[in-house]
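This briefing covers selected features of one structure, grouped by topic. Please read it alongside the sequence and the model shown here.

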Amino acid sequence: MASPHVKHNQHLFDIIEVLEKNNLSVVPVLDEENHYKGVITNRKLMYTIAKSAAIQSVGGVIVLEMNNNDYSLTEIASIVESNDTKILSSYIISKPNSTNIEITIKLNKQDITAIIKDFERHEYKVSASYKEEDADGDFLERYESLMRFLNP
């Protein structure tokens, strides 16, 4: 069996998957000829994620919880966009031992009250929401969201 590694041109999500599946803190990076190019550490990965445009952008975060069968990104996007807002990023976490999922969406607006009300009006369960009020609190919320993403 081959040892865990990633290719130098693999996507960030692939790297996260290799680290998580193999419970690693570093993962070797190989080129097309399988020559060693270096390593990616958890710290470097976190730094890269933190520097992403979606994380750096000002805006609110909404966390929705629903049954996997009820998930429709089209409908979620329609509700968000009807409030003259854009989704900057989203990710889904499967709830352990459940058919429920948690959808986290980062929006390009800080005032997300109307969007939350629209989700509730459409019978979505809003399990959490975060507005950028201070930089320290926002950093902690981002870190906690990332930890939930990496360790569901």
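Tyr36 is placed in strand S3, which spans residues 36-41. In this predicted model, Tyr36 is exposed at a relative accessible area of 55%. Together with Val26 and Val39, Tyr36 makes a nonpolar surface patch of about 280 Å².

**Sheet and helix**

- Strand S3 belongs to an open sheet of 3 strands, ordered S1-S2-S3 with mixed pairing.
- S1 (6-7) and S3 are the edge strands; each has a single partner strand, so one side of each lacks a neighbour in the sheet.
- S3 pairs with strand S2 (residues 26-30) in the antiparallel sense over 5 bridges.
- Gly38 in S3 is the bridge partner of Val29.
- Helix H1 (residues 12-21) lies across S1, S2 and S3 and runs at about 130° to S2.

**Salt bridges**

- The model has 4 salt bridges, including the pairs described below.
- Within helix H1, Glu17 and Lys21 are 4 residues apart, a separation of about one helical turn, and their side chains form a salt bridge at 2.8 Å, N to O.
- Glu17 is partly exposed at 38% relative accessibility, whereas Lys21 is exposed at 60%.
- Glu65 and Lys125 form a salt bridge, with the closest N and O atoms 3.7 Å apart.
- Glu65 lies in strand S4 (residues 61-67) and Lys125 in strand S7 (residues 125-130), so this pair ties together parts that are 60 residues apart in sequence.
- Glu65 is buried at 17% relative accessible area, while Lys125 is partly exposed at 47%.
- Glu102 and Lys95 form a salt bridge, with the closest N and O atoms 3.6 Å apart.
- Glu102 is buried at 8% relative accessibility, and Lys95 is partly exposed at 27%.

Terms used:
Residues numbered from 1 in each chain as written. Predicted model: local features only at pLDDT ≥ 70, side-chain atom pairs only at ≥ 80, totals over all residues. Heavy atoms only, no water. Patch = residues over 30% accessible without salt bridge, like charges linked within 9 Å, V, L, I, M, F, W, Y side chains within 5 Å. Areas by Shrake-Rupley, 256 points an atom, 1.4 Å probe, with all protein chains shown as cover. Helix = DSSP H or I, 4+ residues; strand = E, 2+ residues; numbered from the N terminus. Buried < 20%, exposed > 50% of the residue type's maximum accessible area, 1.4 Å probe, protein only. Pairing = 2+ DSSP bridges. Contact = heavy atoms within 4.5 Å. Axes fitted to C-alpha atoms, helices over the stretch in contact; angles between N-to-C directions.
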